[in-house]
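Me: I would like to go through this model and ask, for each label attached to it, what the label rests on. Please set each value against its cut-off before concluding.

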Amino acid sequence: MKKVSVECRNIYLSYGKTDVLKGVNLLVHPGEFFALLGPSGSGKSTLLRLIAGFNRASRGELLVGGKRIDDVPPDARDIGMVFQSYALWPHMSVWDNVAFGLVERRVARGELRERVQKALDLVGLSEFGARRPNQLSGGQQQRVALARTVVIEPQVLLLDEPLSNLDKNLRVQMRQELLALQRRLGITTIFVTHDQEEAMTTADRMAVLDRGIVQQIGSPAELYDLPVNPFVANFVGTMNVLPATVTRRTDAAELLIAGAGVLYAAPDAPGAPEAATGALVLASFRPQHVRVADPGSARDQALAWLGGTVKSSEFLGEMVRYHVSVGDYVVVADQAHEAGRRPIAPTSPVFLGIHPRHIRLLESHD
Ligand code: ADP
C-alpha cells in the first residue's frame, strides 16, 4: 500500500459566528501515527471530521498525498473513520458488520470473504464472526469498529477518541494494540484524544490544540522537554510557571520572582540566551525537579532555594506530590516516596530547591 501524507494549510472553520478552527497548519507524514491533543471544545473532532469530509473549511486547503481534496465527497476520499461510539449495526453479526463496506463497494464474494477474515484476524476476533455486537465486551466492539474500517483499506485512518468508552485498564491495553495494528498496516493515522498520556505513549508526533489554534507540533518528548508556552507545558505533563523579572545577566540569568525570592536559569537553559536584563519572562520547571527540604536541613548551594509553606500533599504511591505556597504562588513539587516516611504536614515551613539547569524561560505576554 502506498503511504500518503495529510496536510492542512491555513484551515479556518466557523459554526455560525463561532470560529472553531483558526488557521490550522499541520503536516502528517506518510505512515505516521499522529495525535490531535487538546481539551474538550478545542476543535479536535471538528478538524478530524473536516479531513473525513463531513465538515467544510471556510478557508484553507486540505491535501492528501499532495493532492487537494477539498471538493472530494467523503465516500470518495479513501479515508476511514472510527467514531467514538463505534456505530456498529446491532442487528448484524460481527462478520456482516465488517463485510458491510465491501458489500456496498460490490467486492466479489471470494475476495470479500478473504478480506473480512483477514481484518478479523488482524484484530484477534476471527472466532467471533457469528456474534452480535451486544455479545461482545467494549474492547471487542472497539476492535470490530476498527476491523470494519481497515477492511476497506483506506489510505488514511481517522480515530475519534477511539478508547474513551473503555475503562482505564482496557484503555491502556487497547492503545498498545492500536499502535501495533497501525504499525502492521503502516497506514497514516490521525487520532483525537484529550488524554495526554494516551497521546504521549502512542503518537509518533502530535499537535496540541487550544481554542482552534495549533499551539505546537512535535514528538511527545519534544513537547515535554521544550514546550513553547504555558498551555503546552501544562497540557503535556505538569509545569510550574512563575512570572519573573530578569534582574541580572552574568553567565546565568538571575530571576526575581516577586514576593517569593530569586531563581537562576543556566546560561544555555531554553529561552535564557534571549533574556535580557529587565525582561519579563516566565520561569518554568517540572515538579520532579523541585527538591523539598525542611528548614533545619543543609541546603545544597548549587540550587536556588525559595521559602514556602506546605498547603497540601497527595500520596501517589511512588511519590508524594506537594502543593507549596510560595509568596502569592503555589508550586507543585514531587518527591520520591520512601517506605515508612510520612509526608510533610500541611502548614509546615519548607524550602524548595531548583537547579539552574532545570529552569526554562517562556515568553511572557503580559
Ligand atoms: P473537541 O473535539 O476538541 O472537543 P469539537 O471540535 O467537538 O471540540 O468542538 C469545537 C467547538 O465547536 C466547541 O465549542 C463546540 O461547541 C463547537 N461545535 C462543534 N460542533 C458544532 C456544531 N455542529 N454546531 C455548532 N457548534 C459546534
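Me: Why is arginine 183 called partly exposed?

Reply: In this predicted model, arginine 183 has a relative accessible area of 43%; because partly exposed covers what lies between buried, under 20%, and exposed, over 50%, arginine 183 is classed as partly exposed.

Me: What makes the pair of aspartate 204 and arginine 183 a salt bridge?

Reply: The closest N and O atoms of aspartate 204 and arginine 183 are 2.6 Å apart, and the rule asks for a side-chain nitrogen of Lys or Arg within 4 Å of a carboxyl oxygen of Asp or Glu, so the pair qualifies. Aspartate 204 sits in the loop between α6 (196–202) and β9 (205–210), whereas arginine 183 belongs to helix α5 (residues 168–185), and the two are 21 residues apart.

Me: How do you know that the salt bridge of glutamate 61 and arginine 9 ties together parts that are apart in sequence?

Reply: Their closest N and O atoms are 3.2 Å apart, and glutamate 61 lies in strand β4 (residues 59–64) while arginine 9 lies in strand β1 (residues 6–15), so the pair ties together parts 52 residues apart in sequence. Both residues also belong to one network of salt bridges with shared partners, which joins Glu7, Arg9, Glu61, Arg68 and Asp70.

Me: How do you know that domain 1 and domain 2 touch, and what is the count of salt bridges between them?

Reply: Ten residues of domain 1 are in contact with nine residues of domain 2, where contact requires heavy atoms within 4.5 Å. The area buried between domain 1 and domain 2 is about 740 Å², with carbon and sulfur atoms giving 52% of it. The salt-bridge count between domain 1 and domain 2 is zero, although five residue pairs are in polar contact across the interface. On the side of domain 1 that touches domain 2, α7 (220–225) and α8 (230–235) each supply at least two residues, and the residues of that side divide into seven nonpolar, two polar and one charged.

Key. Residues numbered from 1 in each chain as written. Predicted model: local features only at pLDDT ≥ 70, side-chain atom pairs only at ≥ 80, totals over all residues. Heavy atoms only, no water. Buried area = accessible area lost by both parts, 1.4 Å probe. Polar contact = N/O pair within 3.5 Å; in protein donor to acceptor, adjacent residues only side chain to side chain. Helix = DSSP H or I, 4+ residues; strand = E, 2+ residues; numbered from the N terminus. Nonpolar A, V, L, I, M, F, W, Y, C, P; charged D, E, K, R; others polar. Buried < 20%, exposed > 50% of the residue type's maximum accessible area, 1.4 Å probe, protein only.
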